[in-house]
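Here is a short note on the salt bridges. Please read it with the model open.

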Amino acid sequence: MKKNFVLKEFVLISLITSLWVNISELVRYLGYVRPKMQEFFPYILEMGKIWDIQILAVWGFWDTLLTCLYVFLFWLCALVFGNNLKSIVISGVMSWAFIFVLYWVATANMLLAEWSNLFVVLPLALLETLVASFIASRLYVRYNSKLSR
């Protein structure tokens, strides 16, 4: 792993990784979270509406932040531990804990979601973060090997 941060490399890896993040977020939301939210808040008619330009823009921003976090945290871990499984797991679990566990525990604690949802949503989110870290790992290997030729 190169010790210097290369913005072009980071942006490229983030863009490619974001494909997985967007797919994962949509599948989890449409397949589980949205139906549960609509069931939990039946009196809010627009609950779970997604096909709106403002909502899609917020989702795009959210997913971009998530992806940048995944890629940057992986890069930091890879600097310390090397580009290996240890860095993938540490960066994936840390991203998961600080974004998804914090969010869903706070949401359930404020009675805005059922605690039982966490047993489905959190493992799916952990899968997302670990796969995103794995993708970043492979892309850094590929990008760094091209530079050394």
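1. Start with the term. A salt bridge is a side-chain nitrogen of Lys or Arg within 4 Å of a carboxyl oxygen of Asp or Glu. By this rule, there are two salt bridges. The model is predicted, so local features need pLDDT of at least 70, side-chain atom pairs count only at pLDDT 80 or more, and totals for chains, interfaces and linings use all residues. Residues are numbered from 1 along each chain as its sequence is written, and side-chain values use heavy atoms, with hydrogens and water left out.

2. Look at E25 and R28. They form a salt bridge, with the closest N and O atoms 2.5 Å apart. Both residues sit in helix α1 (residues 7-40), three residues apart, or about one turn of the helix. Helices here are DSSP runs of H or I, at least four residues, numbered from the N terminus.

3. Now turn to E128. This residue also pairs with R28 in a salt bridge, the closest N and O atoms lying 3.0 Å apart. The pair links distant parts of the chain: E128 is in helix α4 (residues 118-147) and R28 in helix α1, 100 residues apart. Through shared partners, salt bridges join E25, R28 and E128 into one network.

4. Are these residues buried or exposed? Buried means under 20% relative accessible area (1.4 Å probe, protein chains only), exposed over 50%, and partly exposed in between. E25 is buried at 6% relative accessibility. R28 is buried at 7%. E128 is buried at 0%.

Note on methods: Helices (H or I, at least four residues) and strands (E, at least two) are DSSP runs, numbered from the N terminus.
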